[in-house]
Amino acid sequence: METQNSKPQDLNLAVKAKQIAVFLKLIESGFRLRIKAGLSIKELFCDQLGISHDYFDNRIQTIFLDGKPVDNVDAARVYDGARIALSASMPGLVGATFRKGGLYASFRGTISHSETKNSSFKGEGQIILKFFNMIAKELGPAFLQKGIILEGNRFQDFVLRNSEDLKAGCTSMHLNDEKADVVGLLKMNWENTEIFLQVTSEKSA
């Protein structure tokens with residue numbers, strides 16, 4: 001996966017608990033994460049990222065790897081540059097069709113994920129993650145607290161669109177260990193930069 005050439009900017013925010021919902025927009029639209037490539041999907045989320053096996057097996061009902069639904073989470077391998085989306089149960093026939101290992105899985109054989117030669121690569125890498133519906137609400141805050149990676153242009157757009165919420169909700173802000181504020185963020189040029197963003201709500205501070 002291509003990364004920005006400049007040094008990543010470390011941005012740490014503490015926010016009021018009710019304002020964490022603003023940042024879930026980033027979780028739903030996609031963020032990057034450093035991972036160990038070559039693990040199975042289940043190993044990645046349960047062993048490396050710390051999601052409980054019970055939650056993974058029972059709450060996460062639909063998994064897309066590069067836009068294709070995954071049935072065998074122990075066989076599907078995650079490689080550098082992979083795009084993964086997780087969802088809780090979706091309603092109706094659509095939800096039943098794309099549910100991992102569901103009764104209708106055989107009807108989508110031509111679009112289901114199958115292994116490729118890229119899957120054999122092992123080493124450090126990055127993936128793009130998207131969490132949908134209740135998964136975003138339930139897992140998003142923990143991933144924000146650990147830290148997510150964003151492209152500078154996208155972060156700049158996020159700040160512009162949510163500046164008033166950020167001003168009202170941020171109780172502290174540090175950029176590269178220096179105190180910062182929303183006004184300062186708005187003045188910066190984030191082009192060709194990447195952000196390592198950590199957001200902690202006051203209830204978990």
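Asp177 sits in the loop between β8 (170–175) and β9 (178–179), where helices (H or I, at least four residues) and strands (E, at least two) are DSSP runs, numbered from the N terminus. This is a predicted model, in which local features need pLDDT of at least 70 and side-chain atom pairs count only at pLDDT 80 or more, while totals for chains, interfaces and linings use all residues. Residues are numbered from 1 along each chain as its sequence is written, and side-chain values use heavy atoms, with hydrogens and water left out.

Asp177 counts as exposed because its relative accessibility is 70%; the cut-offs are under 20% relative accessible area for buried, over 50% for exposed, and partly exposed in between (1.4 Å probe, protein chains only). Asp177 and Asp10 lie 167 residues apart in sequence, yet their C-alpha atoms are 7.7 Å apart in space.

Now for helix α2 (residues 41–48), where Ile41, Lys42, Leu44, Phe45 and Cys46 are buried. These residues are on the same side of α2 because they cover an arc of only 165 degrees around the axis, the arc being that of the directions from the helix axis to the C-beta atoms. What do the buried residues of α2 pack against? Their partners are β2, α3, β3, β5 (83–87) and β6 (123–131), with contact meaning heavy atoms within 4.5 Å. Just after α2 comes Gly50, which takes a positive phi of about 80 degrees.

Cysteines next. Cys46 counts as buried because its relative accessibility is 9%, and Cys170 counts as buried too, at 18%. As for disulfides (a pair of cysteine sulfur atoms within 2.5 Å), the count comes to zero.

On to charge pairing. Side chains of opposite charge can pair when their charged atoms come close. Take a salt bridge to be a side-chain nitrogen of Lys or Arg within 4 Å of a carboxyl oxygen of Asp or Glu, and the count is eight.

One of them pairs Arg32 with Glu194, with the closest N and O atoms 3.0 Å apart. That pair links distant parts of the chain, since Arg32 is in strand β2 (residues 31–37) and Glu194 is in strand β10 (residues 194–201), 162 residues apart. Are these two partners buried or exposed? Arg32 is buried, at 4% relative accessibility, and Glu194 is buried at 5%.

Another salt bridge brings together the side chains of Arg59 and Glu138, at 2.6 Å from N to O. Here, too, distant parts of the chain are linked: Arg59 is in the loop between α3 (53–58) and β3 (62–65), and Glu138 is in helix α5 (residues 133–146), 79 residues apart. Arg59 counts as partly exposed because its relative accessibility is 31%, and Glu138 is partly exposed at 33%.

Asp157 and Arg161 are four residues apart in helix α6 (residues 152–161), so about one helical turn separates them. An α-helix has 3.6 residues a turn, so residues three or four places apart point the same way. Asp157 is partly exposed, with a relative accessible area of 36%, whereas Arg161 counts as exposed at 66% relative accessibility. Elsewhere, salt bridges that share partners join Arg32, Arg34, Glu151 and Glu194 into one network.
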